[in-house]
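Trainee: Can you walk me through this one? Keep it short, please.

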Amino acid sequence: SFNLRPLQVVLPSRDDQDSPVIDIDLHLPLLCFTHVALLQVLSCLLQEQRIVFFSSDWARLTLVAESLLLYLQPLSWQQPYVPVLARGMLDFLMAPTAFLMGCHINHFEEVAAETEDLILVNVDDGSIQASWSETLDLPDIPLAAAEFFISRAESLQLQYDLEMCHLGAGTDVNTFRSQRRSWQRKLNSQIQNIALELVVNIFREVQDFLNHEHRVFNSEEFLRTREPEDQLFYGKVLETHIFHSFLRDRLNRKRDSFSRMEQMTRNHVNRNRALTETPRRPPMSELSRSDYNRYTSPGRRLSKRLGVSLPNLDQPIIESVMLNSNKLLPVRIISPDSGLKFLQKPLKVFRLPDFPPPLAYHYVQNYYSDMAAALGKAISATPTDESALLARYHYLRGLVNTVSNRRLDALEDFYSLYKTDAEIFPSQMVKSLVDSLPEVEWLQ
């Protein structure tokens, strides 16, 4: 991250390129809805209902909708998404497909009266209802996962003033902004952690019913092993595009936040299963071919939609983990930080010099010199066994030397990557540098 006043710019990590950089307040839905109502909205999203958000504040519609979609990560909404729908576009709500749209609260009665089969979410008062009745008759998220989510969410500190009141008064507005950003960044991380736990608890056992050799998912057997009160929920979710996309990633053994958390929590779940479960059917990964044929014989045929017609799943395969469990963790109260913090690698922070206010030539060149010097100190202070970190420093210093016309120094930095991390070697940039060298430097 770096600062271009007044902008704070954050670049995503290569370790998880699919995870978006969050620059909104993820706790807004928790201020708008009760925990039960929030879970109802998430359940409707997972079931790909036709959902319309209403509010008197246009900005609130977008912020809440974006936050809720981020709660579902790494699952992604696959249907039409229009967070702010103008008055002249209300006809879009007649579309027969699933969608997520937002309207001004003034149109609530009109939309509810003229359009059927909609889920109406009033963001202003936190209520949710169906257009055909005042109650919501849709299956809820499985109870164990829902209770675990509520217990974790209740421990969040959502009020900034209460969190910071011990700091006392101050007069530096930049200090206030920095404190607010730090608080929001920490809270966003906690909320992402809790939301990811919810998704993992709902879909953890999908892994047990995958057959990677035949690239199929035994949906019938999966549904049969669910709790009776949860089968209707899973029956609807398994037919959605959002689940198909998730299933494609599992069959491709994708390494994402879901697989990492599932792997890290596997031992805890297995210990719990050993105490509470009776022996169960082996997962599909352990079935022989004869066992597989028995599960796919007539009368037990796989769902054509989920088991046979998954499109274009031949993508690179990475090492994956399989978890044999049939029960969720018992509900327990834990701190919001405890779920994912053991997944996070230790961070090394390199602070860039402040950008020069007047972007005159000599100021910019001085900035490059200061930055190269700071990187040189960082390289000297980094142990040789931290080769990945050294590679980043050399790469960055190579870029600085390139733009400040110190070509030989830049090439020397890039050359150092062969013993630290050749994967990030910038081949095209090095070729351009060599081609641009004057004869004297080329001979050197």
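Predicted model: local features only at pLDDT ≥ 70, side-chain atom pairs only at ≥ 80, totals over all residues.

Trainee: How many helices and strands does the protein chain have?

Mentor: There are 19 helices and nine strands. Helices are DSSP runs (H or I, at least four residues), as are strands (E, at least two), numbered from the N terminus.

Trainee: What percentage of the residues is buried?

Mentor: Buried residues are 44% of the 444 in the protein chain. Buried means under 20% relative accessible area (1.4 Å probe, protein chains only).

Trainee: New topic. At what angle do α2 and α3 cross?

Mentor: Roughly 70°, and the axes of α2 (residues 35-46) and α3 (residues 58-71) come within 11 Å. Axes are lines fitted to C-alpha atoms over the stretch in contact, with angles from 0 to 180 degrees between N-to-C directions. So α2 is roughly perpendicular to α3, a term for 65 to 115 degrees.

Trainee: Which residues make the contact?

Mentor: L38, V41, L42 and L45 of α2, with L68, L69 and Y71 of α3. Contact means heavy atoms within 4.5 Å.

Trainee: And the largest nonpolar core: which residues touch the most other members?

Mentor: F53 and F203, out of 68 residues. Such a core is a set of buried Ala, Val, Leu, Ile, Met, Phe, Trp, Tyr and Cys residues joined through side-chain atoms within 4.5 Å. Helix α7 (residues 173-203) gives the largest share, 11 residues.

Technical notes. Residues numbered from 1 in each chain as written. Heavy atoms only, no water. Parallel < 35°, antiparallel > 145°, perpendicular 65-115°, else oblique. Buried < 20%, exposed > 50% of the residue type's maximum accessible area, 1.4 Å probe, protein only.
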